[in-house]
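This report goes through selected local features of one protein model. Please keep the sequence and the coordinates open while reading.

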Amino acid sequence: MFDKVLIANRGEIALRVVRTCRELGIKTVAVHSTADAESLPVRLADQSVCIGPAKGKDSYAHPPAIIEAALLSGAQAIHPGYGYLSEDPDFPQICADNGLTFIGPRPSVIADLGDKAVARTLMAQQGLPLLPGNREPVATAGAALAVAEEIGFPVIIKIAKGGGGIGMRVAHDPEQFVREYTSARVVAQNLYGDGKVYAERYLERARHIEVQVLCDEHGNGIHLGTRDCTTQRRFQKLIEEAPAPFLSPQTADAMAQAAVQAALGVGYTGVGTFEFLLDEQERYYFMEVNCRLQVEHTVTEAITGIDLVEQQLLVAAGEPLTLTQADIRLNGHAIECRVNTEDPFREFAPTPGRLTTYRAPAGPFTRVDSHAYEGMNVSPDYDSLLAKVVTWGPDRAAATARMARAMDEFVVRGPGVHTTIPFHRAALVSDDFRAMRHTTTWAATLAPQPIDSPT
């Protein structure tokens, strides 16, 4: 096992990795921008190194500064967290060239699966079902429109690179398609330096289901069950739960086994997530692979009792899996709510500012992953995720009731600061959510529930 790990990230995920490393006796190095000098990861890590100004592209997404920090601090490995460099296929190779271990899949695997169009082709070869769409990105709007008309409207346009729902656009007719196709290409070029996009059939009533896989460097692979991430807004996840509710055991098992076999078939190593869309007939279709730890990994940990960061570290150190599929037992149900500093009454507009009150919920079977504290300045330069609240129960109803109680307890205040707590309060008491009648477009119809929180 490594003696020292550098964490190339910030916020709650950096703190999450620090905690597991500390439990394993591994020293940690927290890198930080000038804006994050007083952050909790910096305070709790064994060492810290400033790597640049507030803007992420000049600090957390700047490989030279991170590599220099790792070499100067004596770190042996780099954990990328999620976002930033976690799915950059060049960064693992840069790490290797400097004698550092990248905690994640091989560079070639990240490159192939990070390109959604390439991933579709590879997964089709592995036998996973796909929605109708083009395998190869097309270069002109006219050629793309021909594909869309062959698929049949509505269609969804996706950026080949990147993740997190960025750049996705839905078109219901040819005129809208040409407009959205052109816009998606501009976004793709500006964000990733690669204007490739592709189109596939859009399911208007779909559920978003994930399978968590874990593979080592010795040809072993297992899954840790399913997650449901259907509650999302503009393709951004807001509530996740595990295992996926109201999913037949036969379908859940088929999806999970197919994901493991596909992962092994392309030489995947480490923790990864296979994402699928599920239609109303419970037919599933491959969507993409996330070659990193997911934000929502917490709900999988809650129902399995397995520390996924620890598993990442073990695999990266070359250890074979000590778990077999028979060892995995899914216990109860877990729900995660992402509390973002966004105003759900104003189209989820970001609301940065200084926190004058921060009082997180507690109680039985309640976990809060957060880097927030009273007096902290929520910077406009970073993602708006403030905290992840996870509740567990013996069944979905109990986990939901606990989460509703936790949202009632959660108090966040500051001049101009608003959070998504009112949205979560409304979702958790909704009959559609409780009966699992909602789809990926449902959240847009939900009216946030005003807060009358404790003082």
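## Basis of the values

The model is predicted, with local features requiring pLDDT of at least 70 and side-chain atom pairs counting only at pLDDT 80 or more, while totals for chains, interfaces and linings use all residues. Residues are numbered from 1 along each chain as its sequence is written, and side-chain values use heavy atoms, leaving out hydrogens and water.

Helices (H or I, at least four residues) and strands (E, at least two) are DSSP runs, numbered from the N terminus. Helix α6 spans residues 116-125 and is mostly covered, with seven of its ten residues buried. Buried means under 20% relative accessible area, exposed over 50%, and partly exposed in between (1.4 Å probe, protein chains only). The buried positions in α6 are Lys116, Ala117, Ala119, Arg120, Thr121, Leu122 and Met123. They pack against α5 (107-114), β6 (155-159), β8 (197-201), α9 (249-265), β12 (270-278) and β13 (284-290); contact here means heavy atoms within 4.5 Å.

After α6 comes Gly127, with a positive phi near 95°. The axes of α5 and α6 come within 5 Å and cross at roughly 100°, the axes being lines fitted to C-alpha atoms, for helices over the stretch in contact, with angles from 0 to 180 degrees between N-to-C directions. The two helices α5 and α6 are therefore roughly perpendicular to each other, a label for angles of 65 to 115 degrees (under 35 is roughly parallel, over 145 roughly antiparallel, the rest oblique). Asp112, Leu113 and Gly114 of α5 meet Lys116, Val118, Ala119, Leu122 and Met123 of α6 in this contact.

## Helix α3

In α3, the buried residues are Pro63, Ala65, Ile66, Ile67, Ala69, Ala70 and Ser73. Their cover includes β1 (4-7), β2 (27-33), β3, β4 (77-79) and α4 (90-97). Gly74 follows α3 and has a positive phi, near 80°.

## Aromatic pairs and charges over rings

There are eleven aromatic pairs in the structure. Rings of Phe, Tyr and Trp (its six-membered ring) pair if their centres lie within 6.5 Å; planes under 30 degrees apart count as stacked, over 60 as edge-to-face and the rest as tilted. Tyr60 and Tyr382 form an edge-to-face pair, 5.9 Å centre to centre with 75° between the planes. This pair links distant parts of the chain, 322 residues apart: Tyr60 lies in the loop between β3 (47-52) and α3 (63-73), and Tyr382 in the loop between β20 (377-378) and β21 (385-393). Tyr60 is buried at a relative accessible area of 0%, and Tyr382 is buried at 9%.

The charged end of Arg10 sits over the ring of Tyr382, 3.9 Å from its centre. The criterion is NZ of Lys or CZ of Arg within 6 Å of the ring centre and within 35 degrees of the ring normal. Arg396 lies over the face of Phe433, at 4.6 Å from the ring centre. Elsewhere, Phe274, Phe276, Tyr284 and Phe286 form one aromatic cluster.

## Selected buried residues

His438 is in the segment after α14 (431-434) and is buried, at 2% relative accessibility. Among its contacts beyond four places in sequence are Arg207, Thr230 and Arg396. The side chain of His438 also makes a polar contact with that of Thr231 (3.1 Å).

Asn134 belongs to the loop between α6 and α7 (141-151) and is buried, at 8%. Its C-alpha is 6.4 Å from that of Tyr198, 64 residues apart along the chain.

## Backbone geometry

Two cis peptide bonds can be located. Phe153 to Pro154 is cis with omega near 0°, and Ala242 to Pro243 is cis with omega near -10°. Phe348, not a glycine, has a positive phi near 60° and is buried, with a relative accessible area of 12%. Phe365 also has a positive phi, of about 55°, but is partly exposed at 47%.

Terms used:
A polar contact is a pair of N or O atoms within 3.5 Å; within protein, one must be able to donate a hydrogen and the other to accept it, and residues adjacent in sequence count only if both atoms are side-chain atoms.
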